[in-house]
Structure formats: C-alpha cells, structure tokens
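Please look first at the sequence and the fold shown below. The paragraphs that follow lead through selected aromatic, nonpolar and backbone features.

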Amino acid sequence: GEFASRLVNAKVTFYDFDYVVEITEQQVTQNYNHILPRSQFVGGDLFQFDHNALGVFDIALAPNIFHHFSFDECVTLAKTYWKALKPGGWLGIVEMLRSHDKIPNHPYDFVEFPVMFNLMMQMTTLTGQAFTEAAMVEILEKAGFRGVQVVSMFPKPYGLVIAQKPESG
C-alpha cells in the first residue's frame with residue numbers, strides 16, 4: 001500500500017494466494033483507501049500466474065514470499081514473475097537474508113537471527129528456508145533476470161533484491 005501510494009498514476013494489482021489477498025484488501029481499505037479506485041485484488045496460485053488474463057506489468061513486488069519455498073521452487077517462482085513482467089520490467093523482492101555481518105554493540109545479531117529464522121522456516125513449511133544474497137542472485141539469474149542487486153535495508157537482516165527482465169528475450 002505505501003509503495004502504491006507514492007506511485008500516484010500506477011494501476012495496482014495485488015496478486016497472492018487467496019487468503020493473503022483477503023488480508024491485504026482489508027489492510028489497504030483501512031490504511032490506503034485512496035488507492036482503491038486504481039487497485040485490483042486477485043487471489044490465485046503464485047506459480048500459475050495468468051498473464052493472459054491480468055496482463056503484464058512494469059514492476060512486480062514480492063515481499064516475504066521466497067523464504068516459504070526451496071531453491072528450485074524459487075527458481076520456478078522467479079520464472080513466473082519473469083513472465084508477468086514487460087520487457088525491461090523490474091522485480092523487487094524483500095527478504096530476510098542470511099549473512100555473516102556482525103555489527104558491534106547492536107541489539108540484533110545479524111548472523112544468528114537469520115539462522116534461527118531459517119530453522120523456523122524449515123520446521124513450519126514443507127521446503128522453506130532463508131537464503132543468502134548469493135543464493136538470491138543465483139535464483140534470479142537462473143530465471144532469466146539480469147542486473148541483480150541486493151540493497152541492505154533497516155532493520156537488517158532484511159534486504160531488497162532487485163532484478164530486471166531484459167528488453168529482449
């Protein structure tokens with residue numbers, strides 16, 4: 001909602017699993033109702049996105065999704081996003097990334113917290129895990145994206161992973 005608020009001329013499609021879209025629509029209605037006239041909420045299977053029915057997009061955002069799946073499933077998911085984007089389109093992924101960074105005198109231990117998150121994902125999902133920056137780059141490159149970059153976010157250990165679909169291909 002916040003991102004869509006700032007792109008005042010953008011049409012926004014919130015696409016996720018059915019139960020997530022229901023929650024998203026409630027949150028947008030409560031907190032960002034000014035974007036409702038240019039928004040659509042579509043539930044479905046993330047791995048079976050129907051770009052023929054919904055069109056293709058300039059930008060797709062995937063916050064906190066990839067950690068629910070295995071490496072190979074994430075490559076398949078990234079290929080689905082690739083198909084949903086126009087040539088030259090961008091994918092933005094927000095994820096908790098495993099790291100080796102230590103920041104002295106900081107309340108978070110950025111090495112241990114993502115490791116614990118990774119363990120939690122392995123215990124509560126069928127194949128989920130927290131990925132390293134290198135693994136996210138590899139996933140996206142295998143799916144056909146180029147120019148993959150990882151931008152650290154606060155609070156770390158979150159990162160914004162951005163990648164572009166080539167103009168041709």
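How many aromatic pairs does a search of the whole structure find? The search finds six, where the rings of Phe, Tyr and Trp (its six-membered ring) pair if their centres lie within 6.5 Å; planes under 30 degrees apart count as stacked, over 60 as edge-to-face and the rest as tilted. The model is a predicted one, in which local features need pLDDT of at least 70 and side-chain atom pairs count only at pLDDT 80 or more, whereas totals for chains, interfaces and linings use all residues. Residues are numbered from 1 along each chain as its sequence is written, and side-chain values use heavy atoms, with hydrogens and water left out.

One of the pairs is formed by F14 and F41, which are stacked with 4.9 Å centre to centre and 5° between the planes. This pair links distant parts of the chain, since F14 belongs to strand 1 (residues 12–16) and F41 to strand 2 (residues 39–43), 27 residues apart. Helices (H or I, at least four residues) and strands (E, at least two) are DSSP runs, numbered from the N terminus. F14 has a relative accessibility of 14% and therefore counts as buried; buried means under 20% relative accessible area, exposed over 50%, and partly exposed in between (1.4 Å probe, protein chains only).

F66 and Y81 also form a stacked pair, with 6.3 Å centre to centre and 25° between the planes. F66 lies in the loop between strand 3 (57–63) and helix 4 (71–84), while Y81 lies in helix 4, so the pair ties together parts that are 15 residues apart in sequence. F66 is buried at 0% relative accessible area, and Y81 is buried at 10%.

Elsewhere, Y15, F49 and F57 make up one aromatic cluster.

The loop that holds F66 is also the place of N64. Most residues other than glycine have a negative phi. N64, although not a glycine, has a positive phi of about 55°. With 34% relative accessibility, N64 counts as partly exposed.

On the surface, F3, L7, I59, L61 and W90 form a nonpolar patch with about 440 Å² of accessible area together. Accessible areas come from the Shrake-Rupley method with a 1.4 Å probe, and for residues only the protein chains shown count as cover.

Conventions: Patch = residues over 30% accessible without salt bridge, like charges linked within 9 Å, V, L, I, M, F, W, Y side chains within 5 Å. Salt bridge = Lys/Arg side-chain N within 4 Å of Asp/Glu carboxyl O.
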